Amino acid sequence: MSLDRDKQSLTYNSSESEFAAHVDNIKKSFYPNEQSLVNLLSECHPVYKGKSANSVNRMRGYLMASFETVSLPSIALPYILESLTNSFHPYTVAGAAKAVRGIEIPNSNICPYLIKATYNIWRKDQPISFESYYLTWPLRQYSTAVLEILDTLAWMGPNAISVLPELQRLFSNFSHKLDQRTKSKLLNLIESLEYDFPENITENCCKPIQLNLNDTSFYEKKIDGKIFLEDQDGKKVQWDNFFSRKLVVVAFFYTRCINPRKCSLTIYNLVKLQKKLESTNLRDKIKITAITYDPNYDTSATLKCYGISRGFTFSPDHKFFRIPKDFDKVIESFNLGVNFNGTLVNQHRIEFFLIDRKGEVKKSFLRFQIDIDEIITELTNLINNYSEVNKILSKKSKCRTFLNNLMSIVLPIVIAFFPKCPLCWASYLSILGLTGISSIPYSPWLFPLVVIILVLNLCVLFWRSKNGNGFTPLALSLVGTIFLVTIAFSNGVWKWGFIPGLFLLVGGSMLNSLNYSTYQKLKLYFLEFMGDGFRKTVLKIFLFLRKSIKIPTN
Amino acid sequence: MMMFPMNLTQTKIYLLKLKSRFKMETSEYKSKLLQRIQDNKKSPSIESKRLLEIAKDENKLNLLINILNDADQSIDKKQDALNVLNAISIFSPKLPTTKPAFVNALRGLMANENRNLRLTAFSCLAIMKDEIAQERLKELIVSSEDESAKLVPTHQAIAMLGYDEKALDYDALKEIAKNPPNNQSLIEALRHLPFDADTFNLLQTIMEDDTKPIEARSMLPEILNNLDTEAFLNSTNRIIKNNGLGDDLVPYLAKGVVSIETNYLSDKVEETKSQLIKLVNTAPKDFKEKMNRILFPKK
């Protein structure tokens with residue numbers, strides 16, 4: 001609810017100054033609504049739409065810094081730690097470092113993230129102030145991202161003792177590259193950790209508290225399986241055709257991403273996974289794919305180059321995709337943490353998903369790079385679960401499938417050949433007359449019976465269409481039924497309709513009885529024929545007619 | 001001297017000759033430059049010594065940065081301090097340690113009344129891909145203010161943003177190319193515009209418009225030729241037919257036609273080539289010389 005309210009108060013039309021005022025208001029209020037600030041941390045919040053990457057980084061940095069005042073809830077921690085791990089933007093990193101000081105109880109598990117952030121940022125540090133969103137330059141007093149990190153480590157107190165060796169290494173190796181202010185602050189921190197705290201460390205102090213890094217922002221909405229994907233070779237494939245039959249590891253990325261800890265590393269991790277799977281029995285059971293956020297820029301050729309240069313081996317089960325149309329639907333279904341300025345990505349998170357054989361998301365790894373061993377364990381568990389469930393269900397499902405298929409073929413044939421009118425009856429009698437049973441009379445009560453069976457057949461098709469092959473088989477059978485019923489009312493005038501009606505009715509039912517992948521292949525061939533072959537055929541007929549029909553001229 | 005390349009082989013042989021001559025000239029230049037550096041190492045000038053001292057001393061660097069921040073210092077002194085900092089920024093081992101202070105001072109100079117000081121500060125920040133400067137420059141390129149009243153003229157702002165591919169706003173560049181505030185801005189916008197199907201029509205219109213500056217138009221023949229050879233040939237034929245020798249673009253069009261590498265349009269290419277040859281044969285001597293210079297530039 002609060003997310004909706006926030007989305008209403010700050011929309012994609014909201015300016016940076018409105019955003020800053022919103023954050024300032026919450027910060028100043030007596031009972032600050034911290035949840036409202038947490039909602040703004042989401043990368044896909046509409047307020048970031050249409051803003052430049054620089055603006056978004058500044059907005060998020062300012063927002064994160066406000067958690068120092070309003071206190072940092074545990075739900076916001078993944079966002080903060082992600083920024084410390086992956087961001088190379090001084091303002092964002094400084095904001096994240098300040099946000100950590102909003103935690104109720106200092107946690108030593110956060111310290112390694114702060115050290116990582118120091119190495120990310122120290123070479124490109126900048127003057128920073130969070131006094132207000134808009135600043136007048138030059139600043140009289142300013143901080144930097146590294147100074148903010150050191151302040152946070154100092155705030156951690158004895159909890160930072162675990163990173164003391166890292167701090168000492170930083171000082172001994174790089175102090176000549178730090179300015180006087182940073183150097184003295186680092187030295188003070190090291191000294192206070194070395195001399196003061198060992199005495200103060202008690203049994204209850206500094207026990208690391210497990211961090212909950214699960215991003216709860218993920219939810220899944222059923223994706224439209226008819227979306228077309230284009231692979232690195234320019235070949236088109238329907239979503240449901242690729243995301244079926246096997247488990248799929250899918251990552252999202254874009255080739256223009258300049259953050260070495262994000263998209264590039266994501267692909268390198270997929271390559272690692274690919275190589276590791278080669279040596280396991282999962283090799284032929286897993287598909288690996290990556291989909292670009294930037295389908296306009298990332299053409300098939302670009303994707304191929306990007307993959308090859310990082311050692312990705314392309315195969316029918318290992319592909320990179322772009323979605324030229326309907327990428328919005330994918331964003332919505334996966335609730336992807338990405339936002340755009342026009343067609344340019346202005347921010348995104350790291351996103352991996354495990355998709356099962358039915359195309360449903362089973363597990364997501366968000367914000368942080370995947371641990372290859374963890375993902376292999378997950379995949380193995382999923383496969384083991386499937387095989388157990390499959391053993392139980394296989395016998396039942398085989399019987400059910402067989403009966404279903406049998407019924408869906410037999411029923412329409414029975415209906416089609418059932419005598420529905422005096423004319424049919426006469427035809428059958430003329431054939432059956434040879435066998436000597438011509439004396440069976442036509443009974444008018446059989447007609448309503450046929451209609452009931454026809455309706456029953458349609459109901460079965462409708463029921464199966466939702467989980468089966470869609471509405472096309474139902475539509476064909478419906479048209480066939482209309483033909484057959486019309487014959488009955490036309491007193492034999494439209495008897496020619498019997499053959500197409502029969503074909504449509506049986507055809508629809510047969511299509512419905514096909515398994516999903518065979519049906520999709522058939523559909524693709526048909527669409528290709530319609531798209532290319534059909535057009536050419538129509539053109540040829542048209543040209544032939546134009547040649548043969550001579551239009552008289554005056 | 002060849003007047004006009006009749007076929008691709010002839011052109012290639014000629015270009016190879018030019019390349020080998022240019023290689024010799026480059027190596028001579030390189031050795032002279034190395035000699036000069038070695039001489040300087042043996043006896044650096046007083047000025048160089050002074051710069052080296054400043055570059056290694058954090059306190060001296062801080063003093064110079066303080067001059068930039070000090071509102072009471074004269075413009076000349078600030079300009080000198082900035083020039084020194086700018087010069088040593090590429091080799092100073094200590095300047096990166098004082099980077100936040102330096103960036104703070106430079107951001108302060110972005111609104112300075114003195115044009116030179118302001119532009120130097122913007123230029124330093126743009127090279128560092130500083131986001132505050134980039135945002136300011138982006139605001140300036142879309143601003144409807146008069147060019148003389150802008151903190152940085154549009155063409156310079158585009159060039160500065162060009163240091164960072166991601167900082168350029170392509171919609172704004174397209175708009176500038178459509179309605180440029182001046183010729184320089186048009187040229188700069190064209191230098192940074194992406195060449196794709198979206199911009200093709202705009203580029204074609206500019207190339208065919210003889211009221212646009214030749215510096216802008218001359219960039220386009222080879223680009224358009226790579227994007228859509230057939231459309232480029234159509235444009236070339238239109239320009240030859242309508243403007244003839246009166247258009248300064250003709251030599252550049254010839255250069256574009258010579259560089260066509262596709263085979264499927266060979267008839268059309270040959271037709272355009274013969275049109276150009278006919279035109280050049282009737283041209284005065286100075287035009288022919290100009291054409292030679294463009295087709296076979298001397299290094």
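**Exercise 1. Burial and fold of chain A**

Determine what share of the residues of chain A counts as buried in this predicted model, and which elements the chain contains.

Solution. Step 1: chain A has 554 residues, and 34% of them count as buried. Step 2: the chain contains 21 helices and nine strands. Step 3: among contacts in chain A with a separation of 6 or more, 73% join residues 24 or more positions apart.

**Exercise 2. A glycine in a helix**

Decide whether Gly501(A) is buried, partly exposed or exposed, and describe its surroundings.

Solution. Step 1: Gly501(A) has its place in helix H20 of chain A, which covers residues 498–513. Step 2: a residue is buried if 20 or more other C-beta atoms lie within 10 Å of its own. Step 3: Gly501(A) counts as buried because it has 21 C-beta neighbours inside 10 Å. Step 4: leaving aside residues up to four places away in sequence, Gly501(A) touches Gly480(A), Phe483(A), Leu484(A) and Ile487(A). Step 5: Leu476(A) is 25 residues from Gly501(A) in sequence, and their C-alpha atoms are 9.2 Å apart in space.

**Exercise 3. Backbone geometry in loops of chain A**

Examine the backbone at Pro138(A), Asp326(A) and Asn335(A), and locate each residue.

Solution. Step 1: most residues other than glycine have a negative phi, and most peptide bonds are trans. Step 2: the peptide bond from Trp137(A) to Pro138(A) is cis, with omega near -5°. Pro138(A) is found in the loop between helix H8 (111–121) and helix H9 (145–156) of chain A. Step 3: Asp326(A) has a positive phi, near 65°, and is found in the loop between strand S5 (318–322) and helix H15 (327–334) of chain A. Step 4: Asn335(A) also has a positive phi, near 50°; it lies in the loop between H15 and strand S6 (338–341) of chain A. Step 5: Asp326(A) is partly exposed, since 17 other C-beta atoms lie within 10 Å. Asn335(A) likewise counts as partly exposed, with 17 C-beta neighbours inside 10 Å.

**Exercise 4. A helix pair in chain B**

Describe how H13(B) and H15(B) cross, and which residues make the contact.

Solution. Step 1: the axes of helix H13 (residues 220–227) and helix H15 (residues 250–258) of chain B come within 8 Å and cross at roughly 35°. Step 2: the crossing is right-handed. Step 3: H13(B) contributes Pro221(B), Glu222(B) and Asn225(B), while H15(B) contributes Tyr252(B), Leu253(B), Lys255(B) and Gly256(B). Step 4: these contact residues divide into three nonpolar, two polar and two charged.

**Exercise 5. Where the chains meet**

State how many residues of each chain take part in the contact between chains A and B, and characterise the side of chain B.

Solution. Step 1: 17 residues of chain B are in contact with 16 residues of chain A. Step 2: helix H5 (99–109) and helix H7 (131–142) of chain B each supply at least two residues of that side of chain B. Step 3: H5(B) gives the largest share, seven residues. Step 4: by class, the side of chain B that touches chain A has five nonpolar, six polar and six charged residues.

Technical notes: Residues numbered from 1 in each chain as written. Chains lettered and ligands numbered in written order. Predicted model: local features only at pLDDT ≥ 70, side-chain atom pairs only at ≥ 80, totals over all residues. Helix = DSSP H or I, 4+ residues; strand = E, 2+ residues; numbered from the N terminus. Buried ≥ 20, exposed ≤ 12 C-beta atoms within 10 Å, placed from the backbone. Contact = placed C-beta atoms within 7 Å. Axes fitted to C-alpha atoms, helices over the stretch in contact; angles between N-to-C directions. Left-handed = near helix turned anticlockwise from the far one by under 90°. Nonpolar A, V, L, I, M, F, W, Y, C, P; charged D, E, K, R; others polar.
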